[in-house]
Structure formats: structure tokens, C-alpha cells
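Please keep the sequence and the coordinates in view while reading.

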Amino acid sequence: MEHNVVSPFDLFWHKFKKRRTALVAAVFIVFLVVVAVFAPLFAPHDPMTTDYAQSMQPPSLEHPAGTDVYGRDILSRIIYGSRISLAVGFTSVLVGALVGVTLGLISGFFGGFLDGLIMRTSDVLFAFPGILLAIAIVAILGPGLVNVVVAVSVFSMPTFARIVRGSTLGLKETLYVRAARSVGASRRRLMFVHIMPGTLSGVIVYFTMRIGTSIITAASLSFLGLGAQPPTPEWGAMLAESRDYIGVADHMTIFPGIAIFLTVLFFNLFGDGLRAALDPKLK
Amino acid sequence: MLLRKTALCIAVGLMLASPSYAATKDIIYASESTAKSMDPHDTSDTYSGAIQRAMFQGLLGFDENLNVIPVLAESYTFNDTATEFTFKLRKGIKFHDGAPFNAEAVKVNIDRMMTGKYKRSSLMKPVKEVTVVDDSTIRFTLKEPFGAFANTIAHPGSLIQSPKALAQYGDEVSKHPVGTGPFIFEDWVSGDHVKIKKNPDYWRGQVKVDSITFKPVPESGARLAMLRAGQAHYIYPMPAELQQVAEKDKNIELISKPSIIARYLIMNTKYEPLADQRVRQAINYALDKQAIIKIAWGGAAKEVDSIIPADLPFYKKQSPWPYDVAKAKALMKEAGYEKGFKVTFLTPNASNRLRATEMAQQQLKEIGITGDIQSMDTASFYNKLEGNKVDQAKDLPFIAFGGWSSSTGDADWALRPLVATEAFPPAMSNFGFFSNKDVDGYIQAGLASADNKVRGEAYGKLQDAIWPMAPWGYLFVDTLYAAKVKKLKGIYPMADGAFSVENAELVD
């Protein structure tokens with residue numbers, strides 16, 4: 001006997017696959033993750049090995065993206081750099097999301113003083129442009145990738161908190177939550193089992209979009225010398241190292257630039273696709 | 001209707017045709033460095049000193065080739081033993097604030113330096129007393145003979161400030177510079193720019209430009225872009241790696257000149273592994289100087305072959321340290337550091353220095369010396385090094401990218417502030433806390449004599465002795481490289497990395 005039940009996933013997939021760009025983006029992201037995980041298999045050279053005799057060679061068969069000023073293979077550095085960018089992007093948003101979602105739930109569920117405190121604190125953080133806040137945090141903590149993760153997490157938190165608080169306010173008045181409350185479910189159970197799942201679609205969309213922003217923020221901080229320190233093969237740091245040679249050896253800036261551009265673009269397109277598929281208000 | 005059209009055409013034509021007579025002649029000088037202070041007596045960086053030179057003057061100064069020339073003094077004489085220097089001063093000169101320039105004003109300045117409180121106080125260390133003979137004559141009595149004293153007086157640290165300003169502002173003169181020079185201070189926004197304007201009452205006659213703005217632009221590509229876009233008239237240093245781009249631009253003229261700017265890796269010799277001479281020698285063998293010159297410096301440098309640059313007096317050539325990793329590894333093993341050790345690489349964030357440091361990091365990794373790079377703006381970099389104390393130095397595992405130009409144009413100033421025991425920070429710039437009795441002795445011997453033969457001998461011995469001690473990772477001497485728009489004339493770089501702007505003019 002066959003039940004003709006449409007699962008939520010089928011529904012999502014049906015809507016999602018209609019957006020070609022989002023599909024392409026998803027494929028690219030999967031590809032990028034595979035490349036990052038298996039970087040040593042994909043990279044034609046060691047990303048750290050210098051060869052001064054090969055300084056600033058234009059793209060060739062041996063070095064498809066050319067070499068940098070120290071004669072290192074740029075393609076290999078971009079491939080290894082994808083590990084850093086993805087890891088920093090994902091980790092910082094994950095931390096931001098975990099803290100932000102929890103705060104948002106508390107804020108929306110309890111209301112009153114806690115709500116005021118959390119939301120006003122968020123407002124203060126919102127008042128700073130993202131990159132400026134990140135620079136300020138790194139300036140306090142000192143340069144380095146870990147501190148970049150902290151900085152990006154901090155400025156992701158308030159948005160997650162606000163999204164979740166909004167949904168929580170609506171969900172806590174729904175019939176099923178009131179039913180659960182009437183049979184004596186604990187507050188923790190109400191928050192995390194009954195309310196939180198309902199807020200997740202918004203969180204997932206924002207999460208995906210935010211990864212793109214985080215990658216570009218981390219690259220910007222590294223470009224400014226506040227993030228990854230040399231000789232780490234980080235995309236932003238690679239741009240910083242090659243900017244002196246614009247006009248003389250353009251391939252050194254173009255390829256890391258393309259890597260950042262495509263990654264951020266595809267994460268945003270993917271996030272767009274997710275929103276279209278998950279948002280009940282969009283047809 | 002036709003008439004109106006014609007009138008309009010004529011009006012537009014006139015507007016287009018009329019030359020801009022009213023245009024002010026403001027020059028923008030873009031440099032990699034940031035100004036640190038406007039108090040000449042308390043300045044140790046070349047860039048601030050060079051800006052000060054446009055506002056202040058000394059009794060003596062330098063011409064383009066670092067020859068000593070009289071400026072505020074008309075002439076000077078010294079006795080046979082070179083212990084008494086008498087300066088005849090020019091008359092009728094006034095400071096920017098109206099205070100008269102005279103022997104008393106000079107004495108106020110020298111007495112201030114002799115208090116020992118300032119970064120350039122050490123220049124006046126040989127002086128026993130300074131006497132006002134009459135209103136336009138001043139006499140320096142020295143503790144011991146010192147032949148290079150004229151160079152000391154010509155050094156930018158000995159520039160003369162207005163006694164009125166010194167009385168009014170005290171040490172705040174670092175923000176209120178008042179001198180006798182061709183330019184008057186206008187404003188200084190820390191970290192952004194210093195602006196100076198024409199002194200209408202300049203004693204040699206007005207300069208030909210209205211103002212000069214000194215802007216720090218640490219990024220070399222941006223500096224050249226500013227020059228090409230007309231946002232700067234003169235840039236120093238011109239990024240050697242972008243020479244091809246600059247050569248194609250018809251409005252730009254490149255200037256190159258050998259310098260006396262030495263570049264080296266400062267090693268903290270109080271930190272245990274680096275205290276071992278063999279480790280420091282290993283570092284010198286492990287550094288591929290030619291590669292660093294070619295890649296980090298765009299080829300605009302020459303490998304050093306003594307602790308002082310070849311264009312300084314008393315230079316004595318040594319045999320260069322070959323690039324030999326095997327030998328370096330053997331020395332590391334002999335010293336008991338086969339497995340290497342960790343350091344922090346400090347560098348100013350100007351891109352060529354960062355590259356040189358990064359290359360040093362790559363090369364030293366080969367012999368097991370590993371560590372992160374910390375780059376910061378020039379002012380913070382020197383503040384950090386100047387803040388280190390000798391009694392805590394053994395806990396500071398750093399190698400820093402250093403540079404020095406002897407602004408007196410003499411060997412003493414290329415050595416004493418950098419390797420003498422008395423020069424530990426904050427007194428002077430021996431940031432690696434290098435200390436050796438023989439070296440101190442030779443420095444004293446060179447300082448104590450007026451006889452060039454005796455001095456030459458002392459400095460020769462010093463160079464022979466210190467070269468194998470490897471207080472630094474020896475690197476190279478810069479080739480000066482500047483660029484300017486063609487219509488700017490009269491600004492020229494000096495061999496010590498400073499510059500002269502007194503004769504600047506914009507021609508069409």
C-alpha cells in the first residue's frame with residue numbers, strides 16, 4: 001500500500017530545483033567543499049614551497065594560475081585557501097547562530113527585562129557597520145584567524161537573535177504550543193522542542209547568506225593584515241601581497257579575487273534559492 | 001538669438017582659454033612613513049627630521065651630497081686640538097614667531113639638548129659647555145677632541161628652535177614647531193598629514209610654492225597611483241617593482257641615487273639563542289640577500305659588505321656572507337639549536353619591508369628558526385622597540401626588520417647609536433641590545449680624535465671586529481628611488497633618505 005504523502009523535503013526540493021541559479025550554486029558549493037577537504041589531491045604543488053627563480057610567472061601549464069612574488073603556485077594556494085575561507089566562514093556563522101538563536105529564544109519567550117536587555121544590546125551592535133565592528137574587535141583581541149572568527153561571530157549574533165525572537169513571539173501563542181504548555185511541558189521543552197524548530201527555516205536561509213558575508217569579511221581583515229598572517233595561503237592575504245604588482249603581474253590579484261567573488265556570489269545565490277523554497281509567503 | 005549664441009560661445013571659449021592664474025602652488029609629498037614628532041631634539045626618524053628641515057635650520061646643514069655647509073652660521077673656526085668650535089652667526093634673522101635669532105637662542109637650544117632628556121641629546125654628549133661670546137658669536141667647548149663635531153651640528157637633531165616657543169610650549173613644541181626656515185608650520189593631523197606653508201619673511205627670500213603637504217601613504221602601489229592621478233607631486237620611495245608602469249607615464253620622472261640607508265635584521269642578543277654568536281652567524285649564512293634584494297626590494301639595493309654603507313667616510317670593505325644553508329645548519333647544530341627555536345618577526349607594515357621580513361621568515365625556517373610575523377605602522381613599530389627594557393630583554397624573542405641612515409654623514413653616527421652599549425633603548429637605537437667591550441672601545445677611540453687617520457684606524461678595526469660578531473642579519477643598502485611629476489622642480493632626495501624642499505617650484 002502506498003501513501004501519497006508529500007514530505008516537507010519533497011516540497012522544498014520541488015520549489016528549490018525550479019531555481020536554476022540556486023542549483024548551480026549548490027553544485028559549486030559542494031564542489032568547493034570537496035576541493036577544500038581533499039586539497040592535497042587537487043593542488044598541483046605545495047602551497048608553501050618558494051622558488052625565487054619562478055617569481056611572478058604568468059599562468060602556464062605548469063602553474064595554471066601563475067606564481068606569486070616568492071614563486072609559489074597560486075592555484076595551489078587558492079585551493080588550500082578554500083579550507084581557511086570555508087572553515088572561517090562556517091565556524092564563525094555557526095558560533096554566531098548558536099548564541100544568537102539561544103538569545104533570540106530567551107528574548108522572545110520570556111519577554112520583559114531579559115528581552116529588553118538582549119534586544120537593546122543587539123541594537124548597539126547593529127549600530128556599527130559590520131566590518132568596522134569586526135576591525136574593532138580584532139584590534140582589541142589582536143590579529144589572527146581565531147580572533148577573526150570571534151569578531152565575525154559577534155557581529156552575526158544580533159541578526160540571528162532578532163530573527164528568532166520575531167518567530168518566537170508568534171509561535172508561543174500558537175495552539176500547539178499552548179496545548180503543550182497546558183499538559184505541563186517544561187519551559188525548556190517548550191522553547192527547544194516546540195518553538196525552536198519553527199524558527200529554523202529563517203535561520204537556515206540567513207545562515208547560508210551569512211557565510212558569504214563572513215568569508216568576505218574574513219578576507220577583508222586578512223587583506224588589512226588583521227587576519228591570517230603570512231605565509232598562510234588565505235585569499236585576502238594573497239590579494240594584499242600582490243596588490244603592489246597591479247599593472248605588472250595582474251594574475252596575482254585576479255585569481256584570488258575570482259575565488260572570493262565566486263564563493264561569495266554562489267553562497268548568496270544558494271541562500272536566495274533556499275529562501276524562495278522555504279518562505280511560505282513566496283510562491 | 002544668433003547674437004546670444006555667439007556671446008555664449010565667446011564666453012565659454014574665454015573660460016576654456018584663460019589660464020588659471022589664481023591657482024595656488026600646493027605640493028603634495030607622499031611618503032611611506034608617518035611623522036612622529038615636530039620637535040627636532042626629540043626625533044629619531046629620518047622622515048620627521050626631513051619635514052622639520054623645511055621649517056627649522058641649524059647652524060650648519062648639508063648640501064645634496066652630504067657635504068657640510070653653513071646655514072644659520074656664517075662661518076666657523078676651531079682650535080688645533082678640535083676642542084673649541086666657534087660659530088659666527090648670521091644677523092637679522094627672525095624666527096616665525098618674531099623672536100630674534102642670536103647666540104642666546106642657540107644656547108637655549110643646546111642647553112635643552114644637553115639636559116639628556118631627548119632622543120637627540122646624545123648628539124651633544126661631547127659638549128662640555130656652550131658660551132655666548134657676543135650677540136652673534138657662540139662657542140662650544142668639548143670634553144675631548146671630536147673632529148666630526150661639524151657633522152653633529154649639521155645633523156637635523158641640532159636644528160634650532162625658537163626660544164620663545166620653547167618657553168611657551170615646553171615639550172609641547174613637538175606639536176608647535178617654530179623655526180627660521182623657508183616654511184611655517186600650518187597643521188599636523190597625527191597619522192594623516194603635516195602641512196607647511198610659505199614663510200613670507202624668509203631671510204633668503206620667499207620660496208616659490210605656497211604650501212607642501214606631507215602625506216603618509218604606506219602602500220607603494222597607492223603612492224604611485226596618486227602620482228599618476230595628480231594627487232601627489234612627489235613620491236618617495238618610488239616602488240621599484242612598478243618601474244615599468246612609471247616609465248610608460250609621460251608626466252613622471254624617476255630619480256635614483258645611491259644612499260647611505262642600511263637595512264638589516266635586528267636580533268635581540270639578550271634572548272638566549274640569539275645571544276650565541278654562532279646562531280647569529282648561522283642566520284647570516286641562511287639569508288639569501290640577493291633574492292631579498294631582487295624580490296622584496298625590486299632590485300633597488302646593493303648587498304652590504306660592512307656594517308656601515310660604502311658611501312660613508314671610514315668605510316672598510318669586508319668579505320660578504322655567502323648564502324650557504326649547509327654551513328648555517330652546521331653552526332646551528334654546533335650551538336646546540338639543531339632543532340631550531342621560535343621567534344617573533346617584527347616589521348613596519350610598508351609592503352617592501354613586509355616582503356623582506358616574510359622572505360627572512362621563509363629562509364630562516366630552513367634552519368629551524370620559525371615564528372609569526374607582526375607588522376605594524378612605522379610609528380608603532382619604533383615605539384614598541386623603544387619601549388623594550390634591557391632587564392626584560394631576555395624574554396623577548398624577536399627579530400625585527402631595521403633600517404638606519406647616518407644623518408650626520410659620519411661613521412660615528414652609523415655605529416654608536418646602533419651597536420654601542422650606551423645606546424640601549426630608550427637612550428638610542430641599539431634595539432638588539434648588542435654589547436661588546438672592544439666595539440665600545442673603538443667607538444670611543446673614533447669619537448675622541450679629530451685626526452682622520454686615527455679615526456679611520458679605529459673605525460677600520462671596529463668594522464673588522466664586528467663583522468663576524470654578526471650583531472645583525474646583514475642585508476643591503478638602499479638605492480634611493482623617488483618619482484615626481486615633471487613640472488615639479490627643485491625637490492631632491494638626500495643620500496640619508498631625507499629630502500630638501502627649499503627650492504621646490506612648479507613650472508608649466
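What share of the contacts in chain A with a separation of 6 or more is accounted for by residues 24 or more positions apart? In this predicted model, such residues account for 70% of those contacts.

**Chain A overall**

The secondary structure of chain A comes to 11 helices and 0 strands, and its C-alpha atoms fill a box of roughly 75 × 55 × 30 Å along the principal axes. Chain A has 283 residues, of which 45% are buried. The mean pLDDT of chain A is 90, with 97% of its residues at 70 or more; within the chain, confidence is lowest in helix 1 (residues 8-16), where the mean is 82, and highest in helix 4 (residues 74-110), where it is 95. Pro40(A) is located in helix 3 (residues 39-42) of chain A, and this proline counts as exposed because it has 11 C-beta neighbours inside 10 Å. Between Pro40(A) and Arg181(A) there are 53 Å from C-alpha to C-alpha, at a sequence separation of 141 residues.

**Helix 6 of chain A**

Helix 6 of chain A, spanning residues 130-141, has 12 residues and reaches 17 Å from its first C-alpha to its last, which is close to the 16 Å expected at 1.5 Å a residue. Its buried residues are Gly130(A), Leu133(A), Ala134(A), Ile137(A) and Val138(A). These residues lie on the same side of helix 6 of chain A, because they cover an arc of only 130° around the axis. On the other side of the helix, Leu132(A), Ala139(A) and Ile140(A) are exposed. The cover over the buried residues includes helix 5 (112-127), helix 7 (145-171) and helix 9 (187-223) of chain A. After helix 6 of chain A comes Gly142(A), which has a positive phi near 100°.

**The largest nonpolar core**

The largest nonpolar core holds 229 residues, and those that touch the most other members are Phe160(A), Ile212(B), Ile235(B), Met238(B), Leu265(B), Ala282(B) and Ile292(B). Helix 9 of chain A gives the most to this core, with 15 residues. Apart from its neighbours within four places in sequence, Met238(B) is in contact with Leu224(B), Ala246(B), Leu254(B), Tyr481(B), Ala482(B) and Ala483(B).

**Where the chains meet**

The contact takes 15 residues from chain A and 18 residues from chain B. On the side of chain B that touches chain A, helix 12 of chain B supplies the largest share, 5 residues. The residues on this side of chain B divide into 7 nonpolar, 7 polar and 4 charged.

**Backbone details in chain B**

| Peptide bond | Omega |
|---|---|
| Tyr236(B) to Pro237(B), cis | near -10° |
| Pro425(B) to Pro426(B), cis | near 5° |

Pro237(B) lies in the loop between strand 11 (234-236) and helix 7 of chain B, whereas Pro426(B) is in the loop between helix 14 (411-419) and helix 15 (437-448) of chain B.

Phe314(B), a residue other than glycine, has a positive phi near 70°; it lies in the loop between strand 13 (301-303) and helix 11 (325-334) of chain B. Phe314(B) counts as buried because it has 22 C-beta neighbours inside 10 Å. Ala470(B), also a residue other than glycine, has a positive phi near 50°, and it is found in the loop between helix 16 (452-469) and strand 19 (472-485) of chain B. Ala470(B) is buried, with 23 other C-beta atoms within 10 Å.

Notes. Residues are numbered from 1 along each chain as its sequence is written. Chains are lettered from A and ligands numbered from 1 in the order in which they are written. This is a predicted model: local features need pLDDT of at least 70, side-chain atom pairs count only at pLDDT 80 or more; totals for chains, interfaces and linings use all residues. Helices (H or I, at least four residues) and strands (E, at least two) are DSSP runs, numbered from the N terminus. The expected span of a helix is 1.5 Å times one less than its number of residues. A residue is buried if 20 or more other C-beta atoms lie within 10 Å of its own, exposed if 12 or fewer, and partly exposed in between; C-beta atoms are placed from the backbone. The arc is that of the directions from the helix axis to the C-beta atoms. Two residues are in contact if their C-beta atoms, placed from the backbone, lie within 7 Å. A nonpolar core is a set of buried Ala, Val, Leu, Ile, Met, Phe, Trp, Tyr and Cys residues joined through C-beta atoms within 7 Å. pLDDT is the predictor's confidence in each residue, from 0 to 100. Ala, Val, Leu, Ile, Met, Phe, Trp, Tyr, Cys and Pro count as nonpolar, Asp, Glu, Lys and Arg as charged, and the others, Gly among them, as polar.
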